[in-house]
Amino acid sequence: MIKIELNLCEQKLANYIAKGREENNTRKGFKERKQDAKRSSRDINFEGVCGEIAACKAFDRYPDTEFNVDSPPKHDMMSPLGFTVDVKTAQKGKEFWSAAEWKKVGDVERYLFVRGRCPEYEICGWARPEDFINERQESDVGNGKFYKISMDEISTLHEGDDF
């Protein structure tokens, strides 16, 4: 696992982007589905953006700061090897990650899995879309269907690895 700590500036950037995305989603009528009904959309958006920034920091990428869009982008970053990547963030201690049922295999080339809570994150690993977005991974947690993948199903990453 690769450990990343966001500095104060990165945390403020995450807050700005998360707030902007949430406002844009409301303005444009985008539906948000929460796998964890107990957490606020604000918290989920903020931690998701923090995870994206942590992933970008780990691989010397630049985060997507645009939020005034007509449709949400399908990928969050490009991997060092040039793959489109969707970053999935889970809270510290969680052993699985989830994606909304509307995700499709062809949306991105890799999923990157991050967990933590601001400001500390771990880049845990990655998976190909076909290993994550499939019927075998479907789960209904009482709030609709989601795809779920666990820690033991992903390819781990270590400092200096590219994916």
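How many bridges hold strand 6 and strand 9 together, and in which sense do they pair? Strand 6 and strand 9 (residues 155–156) pair in the antiparallel sense over two bridges, where two strands count as paired if DSSP finds at least two bridges between them. This is a predicted model, in which local features need pLDDT of at least 70 and side-chain atom pairs count only at pLDDT 80 or more, while totals for chains, interfaces and linings use all residues. Residues are numbered from 1 along each chain as its sequence is written, and side-chain values use heavy atoms, with hydrogens and water left out.

**Overall build**

- The protein chain has three helices and nine strands; helices (H or I, at least four residues) and strands (E, at least two) are DSSP runs, numbered from the N terminus.
- Read from the N terminus, the elements follow the order β-α-α-β-β-β-β-β-α-β-β-β.
- A compact globule of 163 residues would have a radius of gyration near 15 Å, and the protein chain agrees with its 15 Å; the radius is taken over C-alpha atoms, and the globule rule is 2.2 Å times the number of residues to the power 0.38.
- Along its principal axes, the C-alpha trace spans about 40 × 40 × 30 Å.
- Of the 163 residues, 44% count as buried, meaning under 20% relative accessible area, with exposed over 50% and partly exposed in between (1.4 Å probe, protein chains only).
- Among contacts (heavy atoms within 4.5 Å) between residues at least 6 apart in sequence, 66% join residues at least 24 apart.

**Strand 6 and its partners**

- Seven of the eight residues of strand 6 (residues 120–127) are buried, leaving this strand mostly covered.
- Strand 1 (residues 2–5) pairs with strand 6 in the antiparallel sense over four bridges, and Ile4 has Tyr121 as its bridge partner in strand 6.
- Strand 5 is joined to strand 6 by a hairpin through two residues.
- On the strand 9 side, Trp126 has Ser155 as its bridge partner.

- Three strands form an open sheet in the order 4-8-7, with antiparallel pairing.
- Its edge strands are strand 4 (96–100) and strand 7 (138–140), each pairing on one side only.
- Strand 7 and strand 8 (residues 145–150) pair over three bridges, and Ser139 has Phe146 as its bridge partner in strand 8.

**Nonpolar cores**

- In soluble globular proteins, nonpolar side chains tend to be buried together.
- The largest nonpolar core has 24 residues, and Phe59, Met77, Leu112, Ile123, Leu157 and Phe163 have the most contacts inside it; such a core is a set of buried Ala, Val, Leu, Ile, Met, Phe, Trp, Tyr and Cys residues joined through side-chain atoms within 4.5 Å.
- Helix 2 gives the most to this core, with seven residues.
- Leaving out residues up to four places away in sequence, Leu112 touches residues including Phe59, Met77, Ile123, Leu157 and Phe163.
- Apart from this core lies another, of 14 residues, among them Trp97, Val108, Ile133 and Met151.

**A buried serine in a loop**

- Ser79 lies in the loop between strand 2 (77–78) and strand 3 (84–90).
- Is Ser79 buried or exposed? Ser79 is buried, because its relative accessible area is 2%.
- Beyond its neighbours within four places in sequence, Ser79 is in contact with Arg61, Val85 and Phe163.
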